[in-house]
Amino acid sequence: MTTATAELLTVPEVMARLKLGRSTVYDLIRSRRLTSITIGRARRIPADAVRDFIHNEIEEAA
């Protein structure tokens with residue numbers, strides 16, 4: 001992943017992609033299961049982190 005191609009998502013965008021509630025997304029961030037960054041006061045989640053999270057969940061379920 002390069003800086004130029006990294007897509008940063010907002011919490012509401014991640015909520016929509018994962019079909020989860022706001023508090024659940026923040027719990028995943030707090031527990032470090034979902035990587036995020038803070039820019040000023042804005043929380044952003046790299047799209048790659050969402051894909052990695054889904055992949056890890058699938059592996060754990062198998």
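In which sense, right-handed or left-handed, does helix 1 pass helix 3? I started there. Helix 1 passes helix 3 in a right-handed crossing. The term has a rule: a crossing is left-handed if the near helix is turned anticlockwise from the far one by less than a right angle, and right-handed if clockwise.

**Ground rules**

I note that this is a predicted model, where local features need pLDDT of at least 70, side-chain atom pairs count only at pLDDT 80 or more, and totals for chains, interfaces and linings use all residues. Residues are numbered from 1 along each chain as its sequence is written, and side-chain values use heavy atoms, with hydrogens and water left out. Helices (H or I, at least four residues) and strands (E, at least two) are DSSP runs, numbered from the N terminus.

**Entry: helix 1 and helix 3**

I looked up the geometry of this pair. The axes of helix 1 (residues 11-18) and helix 3 (residues 47-61) come within 11 Å and cross at roughly 30°. Axes are lines fitted to C-alpha atoms, for helices over the stretch in contact, and angles run from 0 to 180 degrees between N-to-C directions. The two helices are therefore roughly parallel to each other. On this scale, angles under 35 degrees count as roughly parallel, over 145 as roughly antiparallel, 65 to 115 as roughly perpendicular and the rest as oblique.

Next I listed the contact (heavy atoms within 4.5 Å). Helix 1 brings Val14, Arg17 and Leu18, and helix 3 brings Ala47, Val50, Phe53 and Ile54. By class, I find six nonpolar, no polar and one charged residues there. Ala, Val, Leu, Ile, Met, Phe, Trp, Tyr, Cys and Pro count as nonpolar, Asp, Glu, Lys and Arg as charged, and the others, Gly among them, as polar.

**Entry: helix 1 and helix 2**

Helix 2 covers residues 22-30, and its axis is 9 Å from that of helix 1, at an angle of about 105°. That makes helix 1 roughly perpendicular to helix 2. Val11, Val14 and Met15 of helix 1 meet Arg22, Val25 and Tyr26 of helix 2. This contact divides into five nonpolar, no polar and one charged residues.

I found an open sheet of three strands in the order 1-3-2, with antiparallel pairing. Strand 1 (8-9) and strand 2 (37-39) stand at the edges with a single partner strand each, so one side of each has no neighbour in the sheet. Pairing requires at least two bridges found by DSSP between two strands. Two bridges join strand 1 to strand 3, with leucine 9 opposite isoleucine 45. Strand 2 and strand 3 (residues 42-46) pair over three bridges, with isoleucine 37 opposite arginine 44. Helix 3 packs on the sheet and touches strand 1 and strand 3, its direction making about 55° with that of strand 3.

**Entry: positive phi**

Which residue in the hairpin of strand 2 and strand 3 takes a positive phi? I find glycine 40, near 65°, in a hairpin with two residues between the strands. Lysine 19 has a positive phi of about 55° although it is not a glycine. Lysine 19 sits in the loop between helix 1 and helix 2, and counts as exposed at 71% relative accessibility. Arginine 32 also is not a glycine, yet its phi is positive at about 65°. I place arginine 32 in the loop between helix 2 and strand 2, exposed at 76%. Cut-offs: buried means under 20% relative accessible area, exposed over 50%, partly exposed in between (1.4 Å probe, protein chains only).

**Entry: histidine 55**

Histidine 55 lies in helix 3. Histidine 55 is partly exposed, at 45%.
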